[in-house]
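Subject: Structure handover

Hello,

Here is the structure I said I would pass on. Please load it before you read the notes.

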Amino acid sequence: MRGRHALKTRLLELGYEFGDKELGDIFWQFKAVAERKKVTCGTLGLSTATVRLVDAGGEDHVACAVGTGPVDSAYNAIDLIVKEEVTLVEYGLNAVTEGIDALATTRVLIRGNGNKSHTLTNAMTGETVHRTFSGTGAGMDIVVSSVRAYINALNKMLGFNDLTDSKVSAGSS
């Protein structure tokens, strides 16, 4: 069963009965929503994401990437734009509300790679400690929620980089 017939059957199962004209309108609205929400993941093909970010100067940056799933693909696309090496240390996702339209919250923890200002030495033990940055995001779409959390963590890390860079240049003048 495919298309309009499948939709009609499912609506009947849910207790809704519509005439041909109403069903036609619902079907086209359903197709429009499905096209906007299209995500490829799993074993059917490569999961891809296209991400558009706007920088502090208002300039748009767009990148496409593939990954092991929709969140990984989106993170890879963001990495192409930001051009900062990071390691995802933790990823957590929780549903705040119940149901199919539940609000999801995501928390991530990242560690910057290759920046000396991200490492500290414990004065007591001499152990090297790597600074981490956390971010949170929320949304009805788990990919959007995950992207918001990742961007939040990246912004904290990049802000920290700017802060330490300005302290170094101010101290060396």
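The notes below cover a pocket, a cavity and a surface patch.

Keep in mind that this is a predicted model.

Pocket. The second largest pocket holds about 240 Å³ of space. Its lining consists of Leu53, Val54, Asp55, Ala56, His61, Ile81, Val82, Ile151, Leu154, Asn155 and Leu158. By class, that is 8 nonpolar, 2 polar and 1 charged residues. Three elements each supply at least two lining residues: β1 (47-54), α3 (70-82) and α4 (142-172). The top contributor is α4, with 4 residues.

Cavity. There is 1 cavity of 30 Å³ or more in the structure. The space in the largest cavity is about 40 Å³. Lys8, Leu11, Leu12, Tyr16, Glu17, Phe18 and Leu23 line the largest cavity. Of these lining residues, 5 are nonpolar and 2 are charged, with no polar ones. Helix α1 (residues 3-13) provides the largest share of this lining, 3 residues.

Surface patch. Leu88, Tyr91, Leu93 and Ile142 make a nonpolar surface patch of about 320 Å². Strand β3 (residues 86-95) gives the most to the patch, with 3 residues. Tyr91 sits in strand β3. Is Tyr91 buried or partly exposed? Tyr91 is partly exposed, because its relative accessibility is 37%, and that class lies between the buried limit of under 20% and the exposed limit of over 50%.

Best wishes

Methods: Residues numbered from 1 in each chain as written. Predicted model: local features only at pLDDT ≥ 70, side-chain atom pairs only at ≥ 80, totals over all residues. Heavy atoms only, no water. Patch = residues over 30% accessible without salt bridge, like charges linked within 9 Å, V, L, I, M, F, W, Y side chains within 5 Å. Areas by Shrake-Rupley, 256 points an atom, 1.4 Å probe, with all protein chains shown as cover. Salt bridge = Lys/Arg side-chain N within 4 Å of Asp/Glu carboxyl O. Buried < 20%, exposed > 50% of the residue type's maximum accessible area, 1.4 Å probe, protein only. 1 Å grid on protein atoms, 1.4 Å probe; cavity = no way out; pocket = protein on both sides within 12 Å on 5 of 7 lines; lining within 4 Å. Points joined across faces, edges and corners; volume = space filled by probe spheres on them. Nonpolar A, V, L, I, M, F, W, Y, C, P; charged D, E, K, R; others polar.
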